[in-house]
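Subject: Structure for you to look at

Hello,

Here is the structure I said I would pass on. Please open it first, then read the notes below with it on the screen.

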Amino acid sequence: GKEVKFHFTATARNGRTVSMEMGPYTISRQYMARDITLSRSRCYISLQDMTAYTLEEAREIPERIDLVYLWRNKTNNLEVPETMNRDLHIRKEWGIIDGHLTDEPDYGTYIDDVDFETIQLADMPDYCINMKEKGGMWIETADRRYRAFIYINSLRATSGGVISIKRYDMQ
């Protein structure tokens, strides 16, 4: 990201001037989307767009669909558009609750640019994972265009839930 500096100057009534310069600070390259609703029908997740789509919508943009949410029981089937063939590197994460992605009080942990830049995901598998509420996952697209952290805000007992995403553009 770009860098910014701040320069503050104040003059007292007696004419004395004080100034302070702060920075440089690097502006984050992250993007964030909170409270993305998932359901049996709205289950095709795009990291590029940071939202979830229906099957009909996903058929129109298969190149932008990275993940599929599946609430599993013995009777449901999942249809995946034939042209949807993205690979990912995925790592489960149970210990991180990013304060930007949750309304839970007292979480002072924040995923920052350096976390996205240094995490090793190349050897992580592309697989189905069983996620739980208040858990998360690190993701890297096979083309290395994006890295993301998805936090599971809530899951319903029947189907659906809410996720929040932080995405970092690698290129």
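Please keep in mind throughout that the model is predicted. Ile-45 stands opposite Leu-67, a residue of β6. Two bridges join β6 to strand β4, residues 42–46, and these two strands run antiparallel. They belong to an open sheet of three strands with antiparallel pairing, in the order β5-β4-β6. The edges of this sheet are β5 (51–54) and β6 (67–68), each of which pairs on one side only.

Next, the largest pocket. How much space lies in it? The value is about 820 Å³. Its lining is made up of 30 residues, and those nearest the centre are Val-68, Tyr-69, Leu-70, Cys-128 and Ile-129. By type, the lining has 22 nonpolar residues, three polar ones and five charged ones.

Now the nonpolar cores. The largest has 27 residues, and the members that touch the most others are Tyr-44, Ile-45, Ile-139, Ile-150, Ile-163 and Ile-165. At least two residues of this core come from each of β3 (30–38), β4, β5, α1 (55–60), β7, β8 (136–141), β9 and β10 (161–169). Another core lies apart from it and has 11 residues, including Ile-111, Leu-121, Trp-138 and Tyr-151.

Which residues is Ile-139 in contact with, leaving aside its neighbours within four places in sequence? They are Leu-47, Leu-67, Leu-88, His-89, Ile-90, Leu-121, Tyr-146, Arg-147, Ala-148 and Ile-150.

Finally, a few points about the backbone. The peptide bond from Gly-23 to Pro-24 is cis, and its omega is near 10°. Pro-24 is placed in strand β2, residues 17–26.

One is Asp-35, with a phi of about 60°, in strand β3. The other is Met-50, with a phi of about 55°, in the loop between β4 and β5. Are they buried or exposed? Asp-35 is partly exposed, as its relative accessible area is 45%. Met-50 has a relative accessibility of 9%, so it counts as buried, the cut-off for buried being under 20%.

Regards

Key:
Residues numbered from 1 in each chain as written. Predicted model: local features only at pLDDT ≥ 70, side-chain atom pairs only at ≥ 80, totals over all residues. Heavy atoms only, no water. Pairing = 2+ DSSP bridges. Helix = DSSP H or I, 4+ residues; strand = E, 2+ residues; numbered from the N terminus. 1 Å grid on protein atoms, 1.4 Å probe; cavity = no way out; pocket = protein on both sides within 12 Å on 5 of 7 lines; lining within 4 Å. Points joined across faces, edges and corners; volume = space filled by probe spheres on them. Nonpolar A, V, L, I, M, F, W, Y, C, P; charged D, E, K, R; others polar. Core = buried A, V, L, I, M, F, W, Y, C linked by side-chain atoms within 4.5 Å. Buried < 20%, exposed > 50% of the residue type's maximum accessible area, 1.4 Å probe, protein only. Contact = heavy atoms within 4.5 Å.
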